[in-house]
Every structure is written in structure tokens, then in C-alpha cells.
Amino acid sequence: MRKFLLLLSVFTVSFLVYSPVWAGVHVEGRYWFTKLDSKLQVTDYNVTGSEIYMKDTLGADNTENFWEAKIDLNSGGHHFIYSYMPLSWDGKKALDNSIIFAGSTYSANDTVESSLDIIYQRAGYKYTIGNEAGNQFGLIVDFKLLDVDANLRNSTLNKSYRVTGIIPTVGIAAGIGLPHRFAVGAEVTGIGYNGNHLFDGEVVVSFNYIPFTTISGGYRMIDIKLGEQYKAGNDKADFTIRGPFLMVRAGF
């Protein structure tokens with residue numbers, strides 16, 4: 001985590017130092033209406049964990065809303081982008097069946113409180129080409145910082161599982177200008193290896209009526225699968241987060 005923040009700071013300072021004075025800054029805020037499909041399996045003390053679902057196993061509400069903040073430092077077609085998004089789900093349920101989590105057994109009918117917290121950060125570079133009609137195409141290289149923290153607790157047990165990773169991804173972005181200051185666009189970044197993958201994609205419709213401000217709506221999906229090749233043991237994490245979003249982007 002500290003190495004990632006140090007790298008981010010060095011990259012930001014370098015960009016500001018070597019970019020011309022007319023470099024632009026865009027800030028973006030979005031509100032995302034999500035639905036979660038999740039599966040988690042945690043092994044400890046050589047005891048293979050159960051497959052646990054936040055909604056069906058632990059009673060969590062899988063429809064939650066989240067915010068995301070993003071900054072885009074740009075000079076011509078060069079963009080340095082950083083975004084931060086915290087995600088969190090909580091559940092409480094009397095278990096239908098016994099489950100094993102992090103080497104401990106939670107018995108059937110035990111009332112278990114649970115939480116799943118994910119910090120999702122992106123830092124990277126995008127190069128775009130475009131024309132006066134608003135049509136654009138871009139190439140993206142970035143790093144995703146993924147911090148997953150799961151916790152299960154009852155009257156006698158309180159066990160947690162945490163995994164943090166920096167995952168490099170590549171992708172493309174495209175946009176088409178439309179009449180009356182509308183535009184449509186899409187972006188996808190991701191990587192897959194050894195049965196693991198991370199993909200983040202969205203489509204968006206934008207309206208630029210107010211000077212220096214763009215209002216948008218769209219649909220986004222993040223699909224993450226981390227298996228035993230990613231972390232020693234039989235640990236598995238499988239999440240799909242999807243849903244519509246609203247966004248406001250301002251630049252100067």
C-alpha cells in the first residue's frame with residue numbers, strides 16, 4: 001500500500017513538472033447503484049473453507065449504492081488518471097448450514113454478523129486521439145489497487161480474511177460525438193492469467209450543456225476472480241459488481 005502511494009506521488013509530481021503550463025485538470029464524481037454477486041472461500045490451518053455467498057449464506061443486501069471520486073490531469077492527448085472507490089456490504093443471519101471460514105466452523109442456526117469491504121483504486125495513463133466532432137479513441141495502461149477485507153463474527157468467534165494486490169491492466173476507450181451536445185462512449189480495462197481475472201467496463205451517455213461541465217449516465221460492471229494461484233492455499237474470491245450510475249465531470 002505504501003509503495004503504491006509513493007509510486008502515485010512520484011508519477012503525479014513528474015507529470016506536473018514536465019507537462020506544459022496549459023495542462024488541464026478534470027474532476028469527476030459518480031454515484032453507482034450496484035448489485036453484488038459474490039463467492040468467497042478461505043482456507044486456514046489446512047482446513048478448506050466453505051463457499052460463502054454474501055446474500056444467500058450471510059443475509060447481506062446485495063443492492064447497495066456507492067460513490068467514486070476521480071481526477072484526470074491532462075495535456076493534449078495525454079492523461080494521468082487516479083480514482084478511489086470504497087465498497088461495503090453487511091449482513092446478519094442465522095445460518096441455514098454449518099460453514100467453515102478461515103479455519104473455524106460456524107454452526108447451523110448460529111447468528112452470524114458479516115462484513116465485506118473493498119477499496120478499489122486505479123492509477124494509470126491514457127492516450128487519446130480525437131477530432132472536432134467529439135469522436136475519440138484511447139489506449140489505457142493502469143494499475144488497480146484491490147484491498148478486500150471480509151469478517152464473520154458470532155458470540156464466540158471473530159475471524160477475518162484480507163487480501164491486497166496491485167494488478168496491472170490494459171484497455172481501450174472510445175467515444176462518438178452526437179448532435180445537441182450529446183455523446184456516447186465506452187471503456188474497458190482488464191487482465192486475465194492462470195484462471196484469475198479482473199475486468200472493468202462501462203458504457204456512458206454524456207450531455208455537455210453547461211460550460212466546462214459534463215453530466216452523464218451509464219452502466220458499469222466490475223468482474224474479479226482471484227483463485228489459489230494468486231494467493232497460496234485454496235483461497236478463492238469471486239465478485240461481480242454491476243449497475244447503473246450517474247456522473248458529473250468538471251474541468252478547468
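Student: In which loop does arginine 181 lie?

Tutor: This is a predicted model, in which local features need pLDDT of at least 70 and side-chain atom pairs count only at pLDDT 80 or more, whereas totals for chains, interfaces and linings use all residues. Residues are numbered from 1 along each chain as its sequence is written, and side-chain values use heavy atoms, with hydrogens and water left out. Strands are DSSP runs of E with at least two residues and helices are runs of H or I with at least four, numbered from the N terminus. In those terms, arginine 181 lies in the loop between strand 8 and strand 9.

Student: Is arginine 181 buried or exposed?

Tutor: A residue is buried under 20% relative accessible area, exposed over 50% and partly exposed in between, with a 1.4 Å probe and protein chains only. The phi of arginine 181 is near 65 degrees, a positive value in a residue other than glycine. Because its relative accessibility is 52%, arginine 181 counts as exposed.

Student: What is the phi of histidine 180?

Tutor: Histidine 180 is also found in the loop between strand 8 (158–177) and strand 9. Its relative accessible area is 70%, and therefore histidine 180 is exposed. Although histidine 180 is not a glycine, its phi is positive, at about 60 degrees.

Student: How many strands does the protein chain have?

Tutor: Reading from the N terminus on, the elements run α-β-β-β-β-β-β-β-β-β-β-β-β. The count for the protein chain is accordingly 1 helix, together with strands numbering 12.

Student: What separates the C-alpha atoms of valine 188 and glycine 201?

Tutor: Valine 188 has its place in strand 9, and it is partly exposed because its relative accessible area is 39%. Not counting residues up to four places away in sequence, valine 188 touches Val170, Gly171, Ile172, Asp200 and Gly201, where contact means heavy atoms within 4.5 Å. Valine 188 and glycine 201 are 13 residues apart along the chain, and the separation of their C-alpha atoms is 4.1 Å.

Student: Which strand gives the largest share of the lining of the largest pocket?

Tutor: A pocket is an open set of points on a 1 Å grid over the protein atoms alone, where a 1.4 Å probe fits and protein lies on both sides within 12 Å along at least five of seven lines, and its lining residues have an atom within 4 Å of a point. Grid points are joined across faces, edges and corners, and the volume is the space filled by probe spheres set on them; for the largest pocket this comes to about 1100 Å³. Its lining holds 43 residues, with Lys126, Gln136, Ser206, Thr214 and Arg249 closest to the centre. The largest share, 6 residues, comes from strand 9.

Student: How far apart in space are arginine 249 and lysine 70, C-alpha to C-alpha?

Tutor: Arginine 249 has its place in strand 12. Leaving aside neighbours within four places in sequence, the residues in contact with arginine 249 include His26, Glu28, Asp72 and Thr214. Arginine 249 and lysine 70 are 179 residues apart in sequence, yet their C-alpha distance is 9.0 Å.

Student: Is alanine 60 buried or exposed?

Tutor: Alanine 60 lies in the loop between strand 1 (24–41) and strand 2 (63–75). Beyond its neighbours within four places in sequence, alanine 60 is in contact with Met54, Lys55, Asp90 and Gly91. Because its relative accessible area is 6%, alanine 60 is buried.
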